[in-house]
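Please examine the structure shown below before working through the exercises. Each task is followed by a solution in steps.

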Amino acid sequence: MSNRPPFEFDIRVSTDKKRRTRGRRGMSGAFETSQRGCDHPGCEDAGQYRAPKSPDHLDEYLWFCKEHVREYNLKWNFFSSTTEEEFQRMMDSDRVWGRETKPFAQRTEEAKAWARLGIDDPFEVLGEKATQSKAPTSGITRKLPPTERKALEILEAKDHWSRLEIRKQYKSLVKDLHPDMNGGNRSDEDRLQEVVWAWDQIKDSRHFRD
């Protein structure tokens, strides 16, 4: 009868044990096939028990005999190189599983009223903000020709304003700068001419709504 294993591989338990003898770890935690010596100074016993070198090198090991690995483990302190402040930060972080926490938002009275009806409105689309659109707060919000951009700077206007809003600003500046409104003082005449030029660039522009 042929000794060839069925299905081209040997499924016997004894064969599997032989295959895994190298580097096998026993029930006591010892690496029974280790050929290392104990790393404790002066000890000549076999080093069958491993222990991390330091908290910063957990993947690098020292090898000890059973007696000295117990001694090493008793003195082991993962936080030995950690300052009090670092330790406290780690403790605070562990309380929330390492995730940053944020305070709960305060609900307005209107939001509470919606909640009583079983409606959750976290973005307040049903409240005061329903018909409000936020205007751009700062900086350039859209592309404009250089002349119109310069005109807005002269008029001290924003590029998201309507033509009507810019016209009101223009009239206000003309009123402040015109000699007739300043007792005949013509010191602001150059500035007034700039304002008039700026409004000429904006009034017929297709980039501003009425």
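The exercises below concern a predicted model.

**Exercise 1.** Determine which residues of helix α2 are buried and where they lie around the helix axis.

*Solution.* Begin with the cut-off: a residue is buried if its relative accessible area is under 20%. In helix α2, residues 66-75, the buried residues are His 68, Val 69 and Tyr 72. These residues span an arc of only 100° around the axis, which places them on the same side of α2. In general, an α-helix has 3.6 residues a turn, so residues three or four places apart point the same way. Next, consider the face turned away from the buried side: Glu 67, Arg 70 and Leu 74 are the exposed residues found there. Finally, the cover over the buried residues of α2 includes β1 (49-54) and β2 (57-64).

**Exercise 2.** Describe how β1 and β2 are paired.

*Solution.* The two strands, β1 and β2, run antiparallel and are joined by 5 bridges. Within this pairing, Arg 50 has Trp 63 in β2 as its bridge partner.

**Exercise 3.** Identify the residues of the nonpolar surface patch and classify Phe 78 as buried, partly exposed or exposed.

*Solution.* The patch is formed by Leu 58, Trp 76, Phe 78, Phe 79 and Met 90, which together have about 410 Å² of accessible area. Phe 78 is located in the loop between α2 and α3 (84-95).

Notes: Residues are numbered from 1 along each chain as its sequence is written. This is a predicted model: local features need pLDDT of at least 70, side-chain atom pairs count only at pLDDT 80 or more; totals for chains, interfaces and linings use all residues. Side-chain values use heavy atoms; hydrogens and water are left out. Buried means under 20% relative accessible area, exposed over 50%, partly exposed in between (1.4 Å probe, protein chains only). Helices (H or I, at least four residues) and strands (E, at least two) are DSSP runs, numbered from the N terminus. The arc is that of the directions from the helix axis to the C-beta atoms. Contact means heavy atoms within 4.5 Å. Patches are made of residues with over 30% relative accessible area and no salt bridge: like charges are joined within 9 Å, nonpolar side chains (Val, Leu, Ile, Met, Phe, Trp, Tyr) within 5 Å. Accessible areas come from the Shrake-Rupley method with a 1.4 Å probe; for residues, only the protein chains shown count as cover. A salt bridge is a side-chain nitrogen of Lys or Arg within 4 Å of a carboxyl oxygen of Asp or Glu. Two strands pair if DSSP finds at least two bridges between them.
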